[in-house]
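Please examine the sequence and the structure shown below. The paragraphs that follow proceed from a helix pair to the chain as a whole and then to individual loop residues.

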Amino acid sequence: MKKPVYSTHTPVASTSDAVGKIAFHDDFFDPPDPDIVEAFVIVMDEVLRQNDETFLTLLDHMREGTMTENDLSLLFNRQIDQIPPDEREKFCKESLHLVPTWKAAASIIFDYLQNTLDEPIAKMYAKYSSSRSDGKNCCVRECRYPPQNALCKGAKVMLLKNFVVELGLMNGAVGTVVDLCYKQCNGPYPDADEVEHGSMFYDEALQYAVVDFPACTIPEGSKFFVNKPRTYIPIPLAEERCDRKCCSVRALPLRCCKALSIHKSQGMTVGPGKAFEYVTVHYPTVNSGDRSTPGLELVATSRVEKLDYFAVGNPLSDLSRQQLTKIGTTKAYKDRKEY
């Protein structure tokens, strides 16, 4: 190997960069001969998120493709309309929804902003620019920022960009919008005086959002707002360029996360003391038209710590015992496990 797979630059002390380099170099990549690469197999055999045996059995059966009648009965009993009314109310108000596709998340997010919250909704559109001769923009496919966005005060949001990873301000961090800030006092709607003295130059675009990130560890002495909690963080518009540097997109790197795609939820934990206490999972089904990828049902179900905080969001008419029995048995899933 001509060069190490990690950077040779000295990392900044007490950062995730430093910890990662030390762990990688000391534990995995320090052979006697620098021209030899050693192979390591890391077996992750400890479950850290769940400890309930019934739940662990369900997850094991999903993983191995051995779903039983008991597993199916458990899932049907956790269908949102089958759980007790007082418990169902908590799910309706506080639950995170995990769906197979972003398209399926749109209606849930709209209902949340429009009917659950009572603050004015700010609409935002990503701005694309391109130097390509055909006028196409690579960022439309490459960038993770939503082309159309809507937020309001009180909305739960997910950060889509790494700012200061060591302080908990990274891609995937969850917070609550506390303010939406525009260049002019009246936001996107100029008053008569502003129209008279500069309507041509009136900037109606959102400039930044103030988000409360509870898990942020920014020191009290370094906080952004003197009279506000240290966890209140201003998130400005961000500009990203495509890999070939010929296109760019400028947008707010936040997404309303009342509903997330199952893929985006990987790494999240739902339960008491977390960003979301409850989760409602919408499984891909034939009737919904959503195609399942290997392990999608397992990833969604395993986000939550306990079954008490888990519900199935699909209507009963959309749930098929035959299809649930096939979880973990498809050829694509078997091929992935063999790989």
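At what angle do helix α2 and helix α3 pack, and how far apart are their axes? Helix α2 (residues 53–64) and helix α3 (residues 69–77) pack at an angle of about 110°, with their axes 10 Å apart. Axes here are lines fitted to C-alpha atoms, for helices over the stretch in contact, and angles run from 0 to 180 degrees between N-to-C directions. The two helices α2 and α3 are therefore roughly perpendicular to each other, a term that covers angles of 65 to 115 degrees.

This is a predicted model, in which local features need pLDDT of at least 70 and side-chain atom pairs count only at pLDDT 80 or more, whereas totals for chains, interfaces and linings use all residues. Residues are numbered from 1 along each chain as its sequence is written, and side-chain values use heavy atoms, with hydrogens and water left out.

The residues that form the helix contact can now be named. From α2, Thr-54, Leu-58, His-61 and Met-62 meet Asp-71, Leu-74 and Leu-75 of α3; contact means heavy atoms within 4.5 Å. By class, the contact of α2 with α3 has 4 nonpolar, 2 polar and 1 charged residues.

At 4% relative accessibility, Asp-71 counts as buried, where buried means under 20% relative accessible area, exposed over 50%, and partly exposed in between (1.4 Å probe, protein chains only). Leaving aside neighbours within four places in sequence, Asp-71 is in contact with Leu-58, His-61 and Thr-66. The C-alpha atoms of Asp-71 and Thr-57 are separated by 8.4 Å, although these residues lie 14 apart along the chain.

In the protein chain as a whole, there are 10 helices and 14 strands; these are DSSP runs, with helices (H or I) of at least four residues and strands (E) of at least two. Of the 339 residues, 40% are buried. Among contacts between residues at least 6 apart in sequence, 68% join residues at least 24 apart.

Two loop residues complete the tour. Glu-220 lies in the loop between β7 (206–212) and β8 (232–236) and is partly exposed, with a relative accessible area of 49%. Its C-alpha atom is separated by 8.9 Å from that of Thr-231, 11 residues apart along the chain. Lys-245 is found in the loop between β9 (238–241) and β10 (247–251). Lys-245 counts as exposed at 56% relative accessibility, and its phi is near 65°, a positive value in a residue other than glycine.

Terms used: Parallel < 35°, antiparallel > 145°, perpendicular 65-115°, else oblique. Nonpolar A, V, L, I, M, F, W, Y, C, P; charged D, E, K, R; others polar.
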